[in-house]
Every structure is written in structure tokens, then in C-alpha cells.
Amino acid sequence: MLGVSVYPDLSPRAEIQEYLKLAASYGCTRVFSSMFSVEGSAEEVLALFEELICTAHEVGMEVSLDVNGQCLKKLGASPENLEVFYQLGCDILRMDVPMGTEEMLKLIDNPYGIRIEMNASMGERGADYVRDLIRRGADPKRLLLCHNFYPQRYTGMKWEKFLQTNQTLKETGVPICAFIASHAENTYGVWDAKDGLCTVEKHRDLPIDLQLREMLATECVDDVEIGNAYASEEELKSLQEVMTPFIDSENNPMHAIMKSFGAAVSGETKAVLQKKVRITLDEKISELEKEILFQFYPHRDMGDSSEWIWRSRMPRMMYADRSIPARPFAKEWFQRGDVMIVNDNYKHYAGEVQIALRPVKNDGTRNLAGRLSLQEQEMLELIHDNDTVVFLKG
């Protein structure tokens with residue numbers, strides 16, 4: 001699930017309305033907003049968020065409001081009584097700071113069906129806490145987990161800590177959400193945020209679609225939200241491209257080829273996680289090589305790739321009767337991140353797609369198809385044995 005964030009105390013309703021319409025048109029289904037950071041009387045705060053929720057629901061998006069104990073008290077709510085949020089039409093309450101176990105159980109068991117989202121950035125103790133709640137009778141279907149975002153540059157979570165935390169949290173079976181950051185001009189957010197609102201520090205300056213692709217490639221993040229407002233239409237379009245699975249045709253000739261080898265073939269397109277990498281094409285790449293990269297499915301190694309190259313072997317079966325002429329490459333070595341296609345100089349393997357993970361000697365049997373940028377090469381750490389890879393045009 002993909003979502004955006006808006007801040008009704010910082011922007012007029014008309015702007016928010018247009019943004020949510022745009023975001024919904026690109027596949028966003030959730031809206032996040034911070035409620036406890038908004039100043040004003042209870043009546044003023046409630047009026048702001050009533051408008052926001054109404055606007056979001058009009059375009060088919062659900063709303064998650066970030067609250068804490070003080071905010072509940074200010075608005076006349078309590079763990080035993082969430083009627084005020086029901087009246088607003090709130091779908092999800094994110095508890096920035098968890099309450100005691102008994103209070104959380106009452107929140108989760110509210111009669112309005114409002115789901116409760118817990119702070120996922122608490123780490124392993126958060127997983128223990130969630131397990132304890134479920135053990136004590138909390139309905140896991142009413143529970144969600146959502147990481148913090150970090151307005152201040154250099155303060156976001158360590159990537160390794162994020163991965164470790166999510167691996168532990170995933171064991172609870174509760175969906176996990178995290179934030180990515182827009183790089184559009186004049187974005188903003190809570191507490192004068194001007195450097196994006198992301199969960200992981202290393203994502204702060206990465207292209208937004210790469211942030212999303214890395215989040216999904218960890219296989220531990222279920223939902224992703226843009227923390228700052230407003231993302232540009234170009235950014236939203238790039239996120240939609242990431243979220244849209246490559247659709248495998250029922251008439252894919254690879255199915256027949258694989259069956260002839262005795263391999264099982266199933267309609268697996270949407271069930272299989274597709275790890276997507278964006279390639280900058282070599283200017284001399286042929287149309288056939290482009291077809292192999294972007295139209296062939298599935299690009300998948302067999303679980304036994306070496307430390308030097310990741311291999312997609314199956315294209316050579318489909319294109320066995322097609323010629324892939326060798327193309328001169330001036331350098332003695334291919335470097336990490338180079339995407340190569342085996343040419344006619346090694347006919348048995350011609351058409352095979354490879355990504356260099358370490359320097360590979362140029363022996364004349366491989367054409368340079370393109371290259372992954374240094375930032376894009378971070379995705380290579382998230383591509384594992386038997387993974388399915390989809391190439392996106394850079």
C-alpha cells in the first residue's frame with residue numbers, strides 16, 4: 001500500500017484536496033497526518049481534521065492520525081472512549097508513544113473498528129510488546145506498525161538497524177509501514193521540516209522511486225508513505241511504476257519452453273516479489289537487446305550465481321534462434337553495476353543477461369547493455385538467490 005502525508009494546519013484545504021486527488025490517481029490509498037503537533041483549541045483541531053478526513057474519503061483514501069496520550073486527553077478521548085475519532089471518520093490511530101498494556105488493549109478493542117498503529121521504531125522491545133498484546137487477546141487484524149520519520153538531517157535510522165528491527169517485527173505477522181521522502185521544491189512537514197521526512201537516513205537524498213524499491217526489496221515492509229508534502233506528479237508517476245507488477249502473459253512462450261524441460265509453471269506474476277532496478281542504457285544497445293531486457297519475463301537466477309555475476313539464464317532459451325552480434329567494448333574489464341548480454345561469440349549462452357557484481361574480464365563474449373548508477377547499485381545488496389528482477393528504463 002502506498003500513501004502520502006498532508007498537514008491541514010500548514011496548507012489550505014483546496015491545495016490538499018487537489019494533492020489527494022492527484023495522489024489517488026497514481027495509486028495512493030492512504031493519508032497520514034500528525035495530529036498531536038497541531039496547535040489550537042480542541043474544537044479548532046477537530047475542525048481541521050474533519051475536513052481532511054472528508055476530503056480523503058471522497059477520493060477513496062483512508063486516514064491515519066498520529067496521536068499520543070496528551071492529544072487524546074486534549075480532545076476528550078481516552079482508551080475507553082474513542083467516540084470523537086469515530087465522529088471524525090478516522091480509520092487509523094497511530095500511537096506515537098505506547099501506553100500501558102491495559103490501556104492499549106482497550107484502544108485496540110474499541111467498538112468502532114478504528115485500527116491502532118504502533119510505533120515500529122521501538123526495535124525488538126516493540127516486537128515483544130506486540131506479541132504480549134496479542135497473547136493477552138488483542139486482535140492482530142486491528143493492529144498495524146509504523147516507523148517514525150525524522151525531520152532533522154543525519155538523525156534517521158541506521159539501515160542495518162532498520163532491517164534487523166523489521167525482521168523481528170515481521171515475526172508478529174502485523175503489517176509494517178515506513179516513510180520515504182519527496183525531493184520536490186518547497187516541501188514541508190511538521191516542526192519546520194525542510195530536508196524530507198524519511199525513516200532511514202541513507203534514503204534522505206536518494207531518488208524517491210529508489211527509496212521505495214529498496215523498502216519493498218527488504219521483503220519486510222508492507223506499506224510505504226511519503227512523509228513530506230507535496231510530492232511532484234513526476235515522483236508519484238515513478239512510484240506507480242514501481243508498484244505496478246510486470247504482467248506475465250498467459251501466452252508467454254517461456255512457459256512452453258520451461259514445460260518442455262519438466263519445470264513447473266504457474267501464474268505467479270502478482271504473488272512473486274519483483275525487485276526492480278533502473279538501468280541507464282548504453283548508447284549502442286540494439287533493439288533486440290532492449291527487448292530482452294524490458295519485455296522478457298522472468299529474469300531470475302537459478303539460485304547458484306557466483307560472486308562475480310548475477311545471471312538471468314532463461315532468455316537464451318527464447319532467443320536461441322536470434323543473432324546477437326558482438327559489439328566492441330573498449331575497456332579491459334566490466335565493472336560492478338555493468339549490465340551485460342552474452343553475444344554470438346558464446347552462442348550457447350547468447351541472450352543471457354548478467355549484472356557484474358565484481359570486475360569481470362572482457363573476453364569478447366559479452367555486450368555492454370547498460371549500467372546501474374552508484375546509487376542504483378545499492379539494490380544489488382537486496383537481490384538474493386532465486387529472486388525475480390525487472391529492469392526499468394533510466
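**Figure 1. Overview of the predicted protein chain.** Among contacts (heavy atoms within 4.5 Å) between residues at least 6 apart in sequence, 77% join residues at least 24 apart in the protein chain. This is a predicted model, in which local features need pLDDT of at least 70 and side-chain atom pairs count only at pLDDT 80 or more, while totals for chains, interfaces and linings use all residues. Residues are numbered from 1 along each chain as its sequence is written, and side-chain values use heavy atoms, with hydrogens and water left out. The protein chain holds twelve helices and 17 strands, taken as DSSP runs numbered from the N terminus (helices: H or I, at least four residues; strands: E, at least two). Of its 394 residues, 55% count as buried; buried means under 20% relative accessible area, exposed over 50%, and partly exposed in between (1.4 Å probe, protein chains only). Along the principal axes, the C-alpha atoms fill a box of roughly 75 × 45 × 40 Å.

**Figure 2. Packing of helices α1 and α2.** Helix α1 (residues 13-25) packs on helix α2 (residues 42-58) at an angle of about 25°, and their axes are 9 Å apart. Axes are lines fitted to C-alpha atoms, for helices over the stretch in contact, and angles run from 0 to 180 degrees between N-to-C directions. The angle makes α1 roughly parallel to α2; angles under 35 degrees count as roughly parallel, over 145 as roughly antiparallel, 65 to 115 as roughly perpendicular and the rest as oblique. From α1, Arg-13, Ile-16, Gln-17 and Leu-20 meet Glu-51, Leu-52, Cys-54, Thr-55, Ala-56 and Glu-58 of α2. This contact of α1 with α2 divides into five nonpolar, two polar and three charged residues. Here Ala, Val, Leu, Ile, Met, Phe, Trp, Tyr, Cys and Pro count as nonpolar, Asp, Glu, Lys and Arg as charged, and the others, Gly among them, as polar.

**Figure 3. Packing of helices α8 and α9.** Helix α8 (residues 208-217) and helix α9 (residues 233-243) have axes 9 Å apart and meet at an angle of about 25°. The two helices, α8 and α9, are therefore roughly parallel to each other. In α8, Ile-208, Asp-209, Leu-212, Arg-213 and Leu-216 meet Glu-235, Ser-238, Leu-239, Val-242 and Met-243 in α9. By class, the contact of α8 with α9 comprises six nonpolar, one polar and three charged residues.

**Figure 4. Cysteines without disulfides.** The whole structure has zero disulfides, a disulfide being a pair of cysteine sulfur atoms within 2.5 Å. For Cys-146, the closest cysteine sulfur is in Cys-177, 4.0 Å away and too far for a bond. Cys-146 is buried, with a relative accessible area of 0%. The sulfur of Cys-220 lies 14 Å from its closest cysteine sulfur, also in Cys-177, again too far for a bond. Cys-220 counts as buried at 5% relative accessibility.

**Figure 5. Cis peptide bonds.** Ala-229 and Tyr-230 are joined by a cis peptide bond with omega of about -5°. Tyr-230 is placed in the loop between β8 (223-226) and α9. The bond from Tyr-297 to Pro-298 is also cis, with omega near 5°, and Pro-298 is in the loop between α11 (287-295) and β10 (299-300).

**Figure 6. Positive phi in Tyr-154 and Glu-219****.** Tyr-154, a residue other than glycine, has phi near 75°. Tyr-154 is found in the loop between β6 (143-146) and α7 (159-170) and is exposed, with a relative accessible area of 71%. Glu-219, in the loop between α8 and β8, has a positive phi of about 65°. Glu-219 is partly exposed, at 44% relative accessible area.
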